[in-house]
Amino acid sequence: MKLTTRGITFEYEDVGNGTPLLLIHGFPLDHHMWRSQIEGLQAAARLMAPDLRGFGTSGDAPEVMAMDDYAADLHTLLQSLNIEPVILCGLSMGGYIALAFLAKHPEAVRGLILANTRAGADGETAREARYANAKKALDEGVSSIVEAMLPKMLTDATREHRPTLVEYVRSMMSRQRASGVAAALKGMAARPDRVGWIKSINVPTLIITSSQDTLIPPGESEIMARAIAGSRLVILPEAAHLSNMENPDAFNAAVREFIGKV
Ligand code: MLT
């Protein structure tokens with residue numbers, strides 16, 4: 001579906017019935033990363049899966065998109081559709097955005113799912129790598145950064161034995177606009193550290209990670225689980241960074257159980 005509100009055009013899926021669940025995609029991806037959740041969780045929730053600004057077929061991004069900018073977009077979209085409060089479910093960059101959203105609009109959030117993400121900010125080296133990648137994407141095209149990212153997204157086993165999934169992820173990454181990719185990289189580089197702040201989270205929280213995530217190792221999820229009172233931590237086997245795509249059954253089972261409790 002397409003909706004233009006306050007000058008921003010959003011592409012999004014809106015399927016299923018029940019508790020609204022906002023699925024916030026990672027980088028450099030779009031809402032298609034959620035296809036197994038859109039298929040598998042429709043009976044459990046109303047699933048909203050937008051393309052963030054600059055990604056998929058949503059509107060173009062400015063030069064930099066701060067995590068707060070994406071969060072403001074999502075809040076605008078939810079308000080236009082009159083669906084709040086929601087459960088936020090963000091994977092990786094989607095998790096950074098979910099935290100930014102919760103910090104600004106706690107009244108609009110009834111539950112939080114943080115998948116393969118972290119609360120901390122980038123260190124100096126990571127920040128410099130982001131700026132270098134932003135320049136590379138703009139100068140040479142997005143494909144120039146995709147091949148280096150793929151091995152960190154999926155397990156060796158997936159890359160060896162599941163070519164259809166690998167191609168699905170590769171083509172989703174490669175078709176993103178360089179302007180949107182660069183804007184997100186600069187926004188992630190500038191995101192604040194929320195390690196102290198997450199101690200104040202008081203909505204039901206599910207934290208998902210995977211045993212083979214090397215991009216954001218499980219230790220980052222353990223830090224969040226210790227900090228957020230009453231949160232539940234689930235570590236999925238047979239998955240690297242894109243846990244919802246590599247092990248969708250286990251991911252969906254954890255989310256389904258969580259929705260039942262919120
Ligand atoms: C993501 O998967 O959203 C990104 O890899 C997150 C990041 O680069 O920090």
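Guide: What follows is a close look at one strand, and then at one residue elsewhere in the chain. The model is predicted.

The strand is β5, which spans residues 86–91. Six of its six residues are buried, so β5 is largely enclosed by the rest of the structure. Burial here means a relative accessible area under 20%. The side facing one way carries Val 86, Leu 88 and Gly 90, while Ile 87, Cys 89 and Leu 91 point the other way, and all are buried.

β5 has strand partners. One is β3, residues 20–24, which runs parallel to β5 and is joined to it by four bridges. In this pairing Leu 21 stands opposite Ile 87 of β5. Another partner is β6, residues 109–115; β5 and β6 also pair in the parallel sense, over six bridges. There, Ile 113 of β6 is the residue opposite Cys 89. Together with helix α3, residues 93–104, the strands β5 and β6 make up a right-handed β-α-β unit.

Thr 155 counts as buried because its relative accessibility is 6%, and the cut-off for buried is under 20%. Leaving aside residues up to four places away in sequence, Thr 155 touches Gln 212, Glu 238, Ala 239, Ala 240 and Glu 246. Ser 243 is 88 residues from Thr 155 along the chain, and the C-alpha atoms of the two are separated by 9.8 Å.

Technical notes: Residues are numbered from 1 along each chain as its sequence is written. This is a predicted model: local features need pLDDT of at least 70, side-chain atom pairs count only at pLDDT 80 or more; totals for chains, interfaces and linings use all residues. Side-chain values use heavy atoms; hydrogens and water are left out. Buried means under 20% relative accessible area, exposed over 50%, partly exposed in between (1.4 Å probe, protein chains only). Contact means heavy atoms within 4.5 Å. Helices (H or I, at least four residues) and strands (E, at least two) are DSSP runs, numbered from the N terminus. Two strands pair if DSSP finds at least two bridges between them. A crossover is right-handed if, with the strands pointing away from the viewer, the path from the first strand over the helix to the second runs clockwise.
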